[in-house]
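Please keep the model open while working through the numbered points.

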Amino acid sequence: MSKFPSQTDVCQTIETAISGASSVYYPGKLWLVVRTANYTQDLLHWSQLSNQSSICSVEPGTPEDVGKVLEILDTTRTPFAVKGGGHSMNPGFSSTPGVQIAMYRFSEINYDATAQTVTVGTGMTWEDVYAALDPYGVTVVGGRVPGPGVAGFSLGGGFSWLTNQYGLSLDTIVAMELVKPDGVVANVTQDSDPELFFALKGTQNNFGVVTRITFKTFLQGQVWGGQISYGAEQVASVDAAIMRFNEVTDPKASLIAGHVFSNGELNAAAMLFYDAPIAPSGIFDDFLSIPAISSNVGTRSYKDYVASNTEISQINLRTAIHTLSLLDHSQPVVDAIANETTFWGSRFAAQTAETFILGYYMEPFLPNILSHNSEPTAYPPSRDATLFPFAVLYAWSSSDMDDYFLDAMRSSVEQIKAAAVADGQAIEDAALYPNYALYDTPTSRIFGDNLERLRAIKARVDPNDVMGLAGGFKL
């Protein structure tokens with residue numbers, strides 16, 4: 001017997017129930033090239049690790065149709081997934097062997113200059129949002145690179161180039177259009193349902209399907225910055241520059257920097273950002289004075305700046321991300337990160353002919369970034385201390401090597417954590433950033449003391465655990 005209901009029982013039932021604004025697509029319909037192409041696109045993820053074959057895909061075009069789909073999935077108890085930008089690197093989080101819901105048709109954007117807000121459909125990616133807002137001279141607190149979708153990024157926290165000035169992306173959310181698990185469409189705000197508003201901010205897909213989000217907007221002019229790549233001989237100088245950047249207090253300045261192992265050697269990389277046409281002297285001088293392999297640093301619009309930030313992995317690789325929360329980028333921690341990059345890169349190169357890329361990225365922020373929002377949010381569970389997200393990103397080519405690379409990634413994160421603890425950082429139980437956490441991270445490590453409160457809200461909003469049929473960090 002099949003593990004899942006047949007296409008006739010589920011997918012065709014959905015196809016009959018939804019309106020003409022929505023569509024269902026199936027695999028293998030070779031005589032329907034366009035429909036097969038839609039199915040393929042609906043399942044495609046940035047990381048091959050997240051790709052799965054589904055019994056069908058659904059592109060809903062209205063919140064009401066999303067509600068009908070959820071009701072059918074609940075009745076049939078069919079596994080499903082919701083995909084926005086398709087940037088999740090955790091297998092099963094936005095992919096499924098069941099019914100794939102692709103949110104592409106929620107692609108509208110409505111800017112309200114009077115309210116200084118923008119309402120965005122959750123089928124959009126951040127580069128689309130920035131391009132739409134650019135003519136108005138405003139922007140939002142969103143993603144830092146091309147690719148991530150609006151909903152996954154913001155509902156998972158959302159560290160941005162503008163976080164030092166305005167907080168996390170979720171701190172700037174004003175309202176959310178939510179299709180609850182029972183199919184009811186609700187506009188969730190601090191006033192309409194403060195508990196659910198709290199719960200949605202940080203828990204990704206636990207309480208239904210968010211179809212639109214209203215964000216605060218902020219004035220935005222030209223910015224300065226770009227990517228710089230450095231050779232192996234400059235790694236120590238880049239590390240010293242990273243540590244000195246911790247002393248920068250200008251909220252317009254932001255940085256991602258770290259180590260990359262590719263093509264058999266250790267290199268360094270930095271992404272510089274300053275929210276003005278020119279960065280004041282003294283902030284990035286250390287990075288600019290180091291001889292570089294390549295650099296695209298310059299002045300441009302915010303949308304063009306984000307579009308220029310390419311990532312280390314290509315879509316044809318299996319890419320995973322893991323994380324650690326740090327209190328400081330001290331010398332022992334930075335040294336441990338460099339050592340881990342070299343150790344695992346050299347080991348992989350010696351033991352396998354696999355194509356691979358390793359990236360270890362530090363992200364220093366100002367210590368007051370959590371003070372921009374006084375309302376509680378599911379993540380972070382505490383705003384008493386600022387934890388800096390640290391990303392370990394591995395990319396490889398063969399599915400046969402999944403466990404090999406994932407186990408190494410876990411081990412490497414533990415080694416760096418041990419170095420930080422030995423250096424006096426009390427991070428043993430520090431909350432982990434949801435958007436970087438590996439798929440098997442316990443929810444208690446993300447939501448901490450908020451977990452029981454979230455479970456109580458979950459029992460009210462989703463008593464049948466419909467959203468438990470979808471992947472993600474389940475409560």
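The points below treat the basis of the model, the sheet, the cores, the disulfide and the salt bridges.

1. Basis of the model. The structure is a predicted model, in which local features need pLDDT of at least 70 and side-chain atom pairs count only at pLDDT 80 or more, while totals for chains, interfaces and linings use all residues. Residues are numbered from 1 along each chain as its sequence is written, and side-chain values use heavy atoms, with hydrogens and water left out.

2. The sheet. Five strands make an open, antiparallel sheet in the order β5-β6-β10-β8-β9. Strands, like helices, are DSSP runs numbered from the N terminus; a helix is a run of H or I of at least four residues, and a strand a run of E of at least two. Two strands count as paired if DSSP finds at least two bridges between them. Strands of a sheet pair through backbone hydrogen bonds, either parallel or antiparallel. The edges are taken by β5 (109-112) and β9, each with a single partner strand, so one side of each has no neighbour in the sheet. From one strand to the next, the twist averages 15°.

3. Strand β8 and its partners. Strand β8 pairs with β10 in the antiparallel sense over 6 bridges. Is β8 enclosed by the rest of the structure, or open? It is largely enclosed, because 5 of its 7 residues are buried. Buried means under 20% relative accessible area, exposed means over 50%, and partly exposed lies in between (1.4 Å probe, protein chains only).

4. A helix across the sheet. Helix α4 (residues 126-133) lies across β5, β6 (117-121) and β10, and runs at about 45° to β5. Such angles run from 0 to 180 degrees between N-to-C directions, with axes that are lines fitted to C-alpha atoms, for helices over the stretch in contact.

5. The nonpolar cores. A nonpolar core is a set of buried Ala, Val, Leu, Ile, Met, Phe, Trp, Tyr and Cys residues joined through side-chain atoms within 4.5 Å. The largest one has 72 residues, and F207 and F215 have the most contacts inside it. Helix α7 (residues 194-200) contributes the most to this core, with 5 residues. Another core, of 53 residues, lies apart from it and includes L272, L358, Y360 and A430. Which residues does F215 touch, leaving aside its neighbours within four places in sequence? Its contacts (heavy atoms within 4.5 Å) include V118, V120, W126, V140, V150, I173 and V174.

6. The disulfide. A search of the whole structure finds 1 disulfide, that is, a pair of cysteine sulfur atoms within 2.5 Å. It joins C11 to C56, with 2.1 Å from S to S. The pair links distant parts of the chain, 45 residues apart, with C11 in helix α1 (residues 11-17) and C56 in strand β2 (residues 56-59). The link of C11 and C56 is left-handed, with -90° about the S-S bond. C11 is buried at 0% relative accessible area, and C56 is likewise buried at 0%.

7. The salt bridges. The whole structure holds 18 salt bridges, each a side-chain nitrogen of Lys or Arg within 4 Å of a carboxyl oxygen of Asp or Glu. R212 and E177 form one of them, with the closest N and O atoms 2.3 Å apart. R212 lies in β10 (residues 209-216) and E177 in β8 (residues 173-179), 35 residues apart. R212 is partly exposed, at 21%. In another salt bridge, R460 meets D193, with the closest N and O atoms 3.2 Å apart. R460 lies in helix α14 (residues 451-461) and D193 in the loop between β9 (185-188) and α7, so the pair ties together parts that are 267 residues apart in sequence. R460 is partly exposed at 47%, whereas D193 is buried at 15%.
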